[in-house]
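This report goes through sheets, cores, aromatic pairs and charged contacts in turn. Please keep the model open while reading.

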Amino acid sequence: MELFWILLFSSVYPLAWGQGVYAPANAQIVHSGAACNVKDDNISERIYTIKEGDTLVLQCIVKGHPRPQVRWTKTAGSASDKFQETSIYNETLRIEGIQRVQGGRYYCKADNGVGVAAIKSIRVDVQYLDTPVLTVHQTISDVRGSYYQEKTVFLRCTVNSNPPARFIWKRGNMLIEQSKDNGVDIYEPLYTQGETKVLKLKNLRPKDFAEYTCQVSVRNVCSIEDKSVTFNLTNATTPPMIRLSVNDTVVVDPGQDVLITCEVTAGFPMPKVLWSRYPGPLPLSAQVHKFTLMLRAVTPADAGFYNCTAVNNVGNPARKNFNLVVRTMSNLTFQITPDSNKDSETIQMGRDLKLSCHVDATPQDKVNYTWYKNAAPVFNSESLILLRSDPDMAPGTSSLEIVDMKFRDLATYSCVANFPGSRVPELRVDVNISQNSVSPPMLSVPPGGQVVSVREGGNVDLVCLVTDGKPRPPILWSRIEKDLLMPSGKPVVETPDGRLRLKNVSRDMMGAYRCQTAPYNGLNIKRREAQVQLNVQYPPILDPVFQDVRSRNYQMVTLRCAVLRSNPSRLTDIRWFRNGDFIRMPMPDLKETPELKFKLEPNNNGSYECRVSNSAGTSTCTFNVSAQPYNAEFYFDTPNPVRILKGNNYSYNLQWTQKDPEATDYIIGYWVNVRKNKQNLLSKQIDLKGKEPEKGVLISHAISDLRIPLSYEVRLAPITTYSTGDYVSRIIQYSEPYTYPRPSDHVCGFEDERICGFSQDRSDVFDWTRQNHLTQNPKRSANTGPETDRSGTKEGYYMYIEASRPRVQGDKARLLSPLFNVTSVRGPKGSGRVPYCVSFYYHMKGKHIGILNVLLRVRSIASVDSVVWSKSGHQGPDWKKAFFDISPSGPFQIVFEGIRGPSFEGDIAIDDVSITIGKCKQENTVASAVLIGGSHSLHLANWLTFGLSCFLSLLYR
């Protein structure tokens, strides 16, 4: 009823004002995809059932002012499912080709900053049925002390499905029923993956050798067809057996070709051979031909465990594995260990010395080490002891121990590592042992290098120098804090010269670093270590980075730029700028929060910057300072914005609120711009006539001369004395307006071309037709449809559906009543809803009559249709009357749905439709008020009472 008065005032004054309308978000989830079913379960949870592979479409329909933002999230799905966050109104969540792992609960969150956010959920249940897998197993057991053997066969059928599948077993074409055959058992085993049914054939009989079919069904849910698998059981049925042409481990050189054969030695039906690899898939160079696997020019990346599997669904699959090892050798290192028993760190005559040699190789245990002294091979002796695998060192390390060292032992020793008989190149390392060639290292940090400072984003070297050491070992770098990794992502980084180079340094790399000598490629003694502190300098971190500041002109404005963090913490400069120009002012205190105060005037609106510097750089706070008004906020919940005008035109009641109207100068009006296809059709200024907008209070303006049923883009911008705000835009669309009580024409006989405001549904297959006896097609079907309207006159009109071609069975035509507003009246005492009586006449003559449904469509956040009356089949040659009560919960429409029957003799007609307030009476009398006009009028007292109730409803709402 509020809209009635708004439209009334709009006809006198183009601009109208309403009450506060800020309201929290409200949401509802609706679907428009390929749903099989949407229902509510026992705990009132909405369940959306969909077939795997179809398209999921969920819409979050929202209400509230200002316009809510929509966010979709999901639970109970795979980790790869991501949520969608957007500010688009009525956001649609669309998933093409939905998979079973994407089932779960989907949440729509709508929030506009007013009150508590609205959260709605719907559970998506993905339905699927895989092809079943049938396997055969058999057991042979002795019976009665080995007098004879009993052979039992188990046919196991397994399938993955949702909902649970139903199993049917067949022998040939005959259904197997356990109650009619003592030789079979059908049961469901425990502890199986997926759904499983077992057919047990006890003590095989000749007739049991046959073709068996396992058929699975989900009872055509989501139109999922049944699936089946067949197996032919014979007396030759046997499980598979295989034999590989190689041993368990195959060791080859890089670049070699590898050919492996997986020979099937038994199995009927003929097994299928499959090759696989772990870890990872088969190499791209792999070639599989029947039972053979060819790997050409193998590389170390091709190494791994290869598997040959033979499957014929009888017994367990036959599997054989082999490990492919590709020889590699790299990183040959040495160690010099002085006499550990004497705690020595130098080479001394008369004491023991150990030389060790290690190489990283695959396979490690196949490496052969050869030692040389001055190029001559070394053999075991009393003074030289060879250890092929030193137990005191890392696995795969060879050592040469020099016992009671003499001057003759001073020499050049060589260690050579190779694979015997392999084409992999050998590796060699030489170690010179003399009194001057071996000495312990010294590790130091250069002067000034203990603390290294660098600006964020720059490059830096951390340096630890090795002095007085022979041979000089490499340097290992790590973080002091155990949980922190090096910038490369590794726990330890080796550098040959002690220089650790860091690029594009960030503040998270700041901290202490440890450098220490490596125990290899030098003396194997106590490690030398040092520390270097990395200090990363970065410009100040400020708050806010950007802020929009609105104020009235000639008022004081204060801008503050807070320093959150800074390294170094000492600030060097603070400067303010307006539109890029430096603002001259006394030097601010560098220890206080930067602040700028000034009076806002029309000539000093603009962009203000506070630039704060330290020795590492400069950061900026940016303020957009303006007296420009905030944007208008369109109101999208106007209950009935459309008003029909003459000449197929309509007007639209545009409503909006003004965001923070008191934050800036007085708003004196608005620019409104109407566009179609980006072309301006109307541009005018709305004068507020001195009345200032109030926060949350609706402003209305009627836009006229719009063409039915076109939609338009409307742009709106507030105006102050000094400036104009930014334009905001929305699309306005034509919709059937609400109908309000009128004193006459309460019965619609479809006598005029406007058919009482009824309209054709644009989403159906075909339309209802308006016709009378004079306009009937003389070639029409003779045995269906009415001769005249309900009154029997040739001039009287009615609405009907034509069942002749090109219509086919199941085609639907829907006729929509006007939209009725029920929010302005109340029901009887003790009742929250107003009852209405729907009455009409129908004609359903013909042997091919289909269905006539009457649906109640209630407009809430989303429209909901429910069938309130239905009739099908031949109902005789006469017009018949139908009437029933409804109690809608909100604005509603009545929908007449005609469904075409099996053939052309199936015309359905309706006439004399009325919708009145109050319950239906047995006699054809007028109810307490009328919604669709007619020939009766309400008493004056009733109308006065009704008008007063509408006025009071508007006043207290």
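The sections below describe selected features of the model.

## Basis

The model is predicted: local features need pLDDT of at least 70, side-chain atom pairs count only at pLDDT 80 or more, and totals for chains, interfaces and linings use all residues. Residues are numbered from 1 along each chain as its sequence is written, and side-chain values use heavy atoms, with hydrogens and water left out.

## Sheets

Helices (H or I, at least four residues) and strands (E, at least two) are DSSP runs numbered from the N terminus, and two strands pair if DSSP finds at least two bridges between them. Strands β52 (residues 606-614) and β53 (residues 617-626) run antiparallel and are joined by 9 bridges; Arg-611 stands opposite Thr-620 in β53.

Another open sheet, of 4 strands, is ordered β15-β14-β18-β19 with antiparallel pairing. Here β15 (174-175) and β19 are the edge strands, each pairing on one side only. Between β18 (residues 211-217) and β19 there are 6 bridges, and Cys-214 stands opposite Val-229 in β19. Asn-232 also belongs to β19 (residues 227-232). Its C-alpha atom is separated by 6.1 Å from that of Tyr-212, 20 residues apart along the chain. Leaving out residues up to four places away in sequence, Asn-232 touches Ala-210, Glu-211 and Thr-237 (contact means heavy atoms within 4.5 Å).

## Cores and aromatic pairs

A nonpolar core is a set of buried Ala, Val, Leu, Ile, Met, Phe, Trp, Tyr and Cys residues joined through side-chain atoms within 4.5 Å. Buried means under 20% relative accessible area, exposed over 50%, and partly exposed in between (1.4 Å probe, protein chains only). The largest core has 34 residues, and those with the most contacts inside it include Phe-750, Trp-768, Phe-840 and Phe-896. Strands that each supply at least two residues of this core include β68 (836-844) and β72 (892-899). Apart from it lies another core, of 30 residues, among them Cys-357 and Val-367.

The structure holds 17 aromatic pairs. Rings of Phe, Tyr and Trp (its six-membered ring) pair if their centres lie within 6.5 Å; planes under 30 degrees apart count as stacked, over 60 as edge-to-face and the rest as tilted. The rings of Phe-840 and Phe-896 have centres 5.1 Å apart and planes at 80°, so this pair is edge-to-face. Phe-840 lies in β68 and Phe-896 in β72, so the pair ties together parts 56 residues apart in sequence. Both residues are buried. Phe-750, Phe-758, Phe-840, Tyr-842, Trp-869 and Phe-896 form one aromatic cluster.

## Charged contacts

A search of the whole structure finds 38 salt bridges (a side-chain nitrogen of Lys or Arg within 4 Å of a carboxyl oxygen of Asp or Glu). Glu-713 and Arg-675 meet in one of them, at 3.2 Å from N to O. Glu-713 lies in β60 (residues 712-720) and Arg-675 in β57 (residues 667-676), so the pair ties together parts 38 residues apart in sequence. Glu-713 is buried, at 19% relative accessible area, whereas Arg-675 is partly exposed at 21%. Salt bridges that share partners join Asp-761, Arg-814, Arg-857, Asp-865 and Glu-897 into one network.
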